[in-house]
Amino acid sequence: MMLNMKNIKYLSILFGFIAFIACNEPEDVLIGTNIEPEAVVELPALTAGSANFATFVSLGNSLTAGFSDGTLFKASQEKSFPSILAQQFSLLGGGSFSQPLMNDNFGGLALGGNRLPGFNPRLVTTGGAPLGLESVIGPVTVTTDIALNNPTGPFNNMGVPGARSFHLLAPGYGNIGNLSAGLANPYFVRMTGTTPNASIIELSMAQSPTFFTLWAGNNDVLGYATSGGDGTSPITDKPTFDFAISTLITTLTSSGAKGVVANIPYVTDIPHFTTVPHNPVPLDAGTAAFLNSASAYGAYNAGIQSLVGVPPVNLTQEEADSRMINFTAGEGNAVVIMDESLSNMTIYSPALLSMRQATANDLLVLTASSFIGTEAVPGNSATVNGVAIPLADKWVLTPEEQLEIKTAVDEFNATIEAAANSAGLAFVDANALLSQLATTGIASDNFILTSNLVTGGAFSLDGVHLTSRGYAMAANEFMKAIDATYGSNFEASGNLVDIGTYPTNYSPLLP
């Protein structure tokens, strides 16, 4: 190709301009353009302050283990908040961090080749409501077997799903021989190895930790809450809880280790209790009319009203009105629930059960979503659960039960914070953190984490435990607390983790 003189002139000008740029600093080029050069911010070097991360041990329950989507599975464990912390601690001399990883990403546990009841594969979503993994991809073989293939410790992550505060002190809690009596935890059985009677705190202290995290106590109230306050899983009594927390912190700090302690969130801030509405029932006009008739709830309503002020109960008009059950055609009918706080009217008639329709002040557990509207007797529309048949106590937290839980959480959190302060430990207010998720949300980069199920990004599909992104958020809060107490500078040096790089859910086809 030939170039004419005109092209040569233009090329000369272009090369001259490039040479001009190459010989000048960016600031020189921007002179007179009204464009400010981007400021270069120099961050301080990362420092540990007075903390020693050489041997890091993390104690707690499912939130520490990395439990997510209704189970424990390998991918979620690898992104547990202690694992994320350990990665950052390694920048300051932190050693290796071992976890009792599951054998697969299905989740669930087996015993001698047979699945353990209640320890199921994980939940997944295909864009909508949570579904069981096997309903999406078909049957799977759970390969994590507590009788056949337990991993070898010691483990730095001593989070045991299901453990209450006092379980962290209990000998034999990981002994497979205690399973049939309900005195052992299958997840901890995987961790005890040749010392089946060793406690969680004993195995932790055997590693001579220089730094620890303790996030315990959630299960001391959560079991009561998830069972609808029906009494099958009572709230831990305060003396037992106080003793457990005091003993744990005293033991963990006995050799000079420093650490971080977190408190307990309110159950009213997590989607397991805020997702299912109190009024999800649609009815046609005919069904609504039948339910209101004397053949159904009309007789109940009349019976309750007729007994206002009648001895020996002396029912008040206010309570009688609160017990009226009425339906309308269309959407938005409230479910019928049993409420043990109501006056016992069955002394007048067995049909006058302690039941009423739910209000916005009641909390239905997440699992009620798959139960409401089913038929107690298949094919018999007169046995629809939540409509013709009241929901049992286990499906609902009434205001009275919610108050019991809040009172216990407030008392337990006072114990936790006081013990942490007394020992000079860092403290994470997880209660306030999760309350923020439930109200304003937490902004990070170009997204906002909320407590909404499936779409909020912070809570996994079981509505109780965090997503991997949620655990990354928690890890950052722990590092901020460490900065504030021990003089480290994870935040100031730019060494908090980017939570946007962590997933909010996992594919059903996760290998």
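Modeller: Let's begin with a word we'll need: a residue is called buried when its relative accessible area is under 20%. Keep in mind that this is a predicted model. In helix H15 (residues 430-438), the buried residues are Ala430, Asn431, Leu433, Leu434, Ser435 and Leu437.

Biologist: What covers the buried residues of H15?

Modeller: The cover includes S7, H14, S15 and H16, along with strand S16 (442-444) and strand S17 (447-449).

Biologist: Is Phe412 buried or exposed?

Modeller: Phe412 counts as buried, because its relative accessibility is 1%. Leaving out residues up to four places away in sequence, Phe412 touches Asp220, Val221, Ile235, Thr236, Lys238, Phe241 and Ile264.

Biologist: How do I read a nonpolar core?

Modeller: The general idea is that nonpolar side chains tend to be buried together in soluble globular proteins. Here, the largest nonpolar core has 126 residues, and those with the most contacts inside it are Leu59, Met158, Phe211, Leu214, Phe273 and Phe327. Helix H16 (residues 468-486) gives the largest share of this core, 10 residues.

Biologist: What does Leu214 touch?

Modeller: Not counting residues up to four places away in sequence, Leu214 touches Leu59, Leu168, Leu248, Ile249, Leu252, Val260, Val261 and Ala262.

Biologist: On to the sheet. What is the strand order in the open sheet of 5 strands?

Modeller: Reading across, you get S6-S1-S7-S8-S15, and the pairing is parallel. Strand S6 (157-159) and strand S15 (426-428) each have a single partner strand, so one side of each has no neighbour in the sheet. From one strand to the next, the twist averages 15 degrees.

Biologist: How many bridges join strand S1 to strand S7?

Modeller: There are 5 bridges between S1 (residues 56-60) and S7 (residues 211-215). Within that pairing, Ser58 stands opposite Thr213 in S7. Then look for helix H10 (residues 238-252), which lies across S1, S7 and strand S8 (258-262) and runs at about 170 degrees to S7.

Biologist: And salt bridges?

Modeller: The idea is that side chains of opposite charge can pair when their charged atoms come close. This model has 7 salt bridges, counting a side-chain nitrogen of Lys or Arg within 4 Å of a carboxyl oxygen of Asp or Glu. One of them joins Asp242 to Lys238, with the closest N and O atoms 2.7 Å apart.

Biologist: Where do Asp242 and Lys238 lie?

Modeller: Both lie in helix H10, 4 residues apart, about one turn of the helix. An α-helix has 3.6 residues a turn, so residues three or four places apart point the same way. Asp242 is partly exposed at 22% relative accessible area, and Lys238 is partly exposed at 32%.

Biologist: Which residue meets Asp339 in a salt bridge?

Modeller: Arg356 does, at 2.8 Å from N to O. Asp339 is in the loop between strand S11 (336-338) and strand S12 (355-357) and Arg356 is in strand S12, so the pair ties together parts 17 residues apart in sequence. Asp339 is buried at 3% relative accessibility, and Arg356 is buried at 7%.

Methods:
Residues are numbered from 1 along each chain as its sequence is written. This is a predicted model: local features need pLDDT of at least 70, side-chain atom pairs count only at pLDDT 80 or more; totals for chains, interfaces and linings use all residues. Side-chain values use heavy atoms; hydrogens and water are left out. A nonpolar core is a set of buried Ala, Val, Leu, Ile, Met, Phe, Trp, Tyr and Cys residues joined through side-chain atoms within 4.5 Å. Buried means under 20% relative accessible area, exposed over 50%, partly exposed in between (1.4 Å probe, protein chains only). Helices (H or I, at least four residues) and strands (E, at least two) are DSSP runs, numbered from the N terminus. Contact means heavy atoms within 4.5 Å. Two strands pair if DSSP finds at least two bridges between them. Axes are lines fitted to C-alpha atoms, for helices over the stretch in contact, and angles run from 0 to 180 degrees between N-to-C directions.
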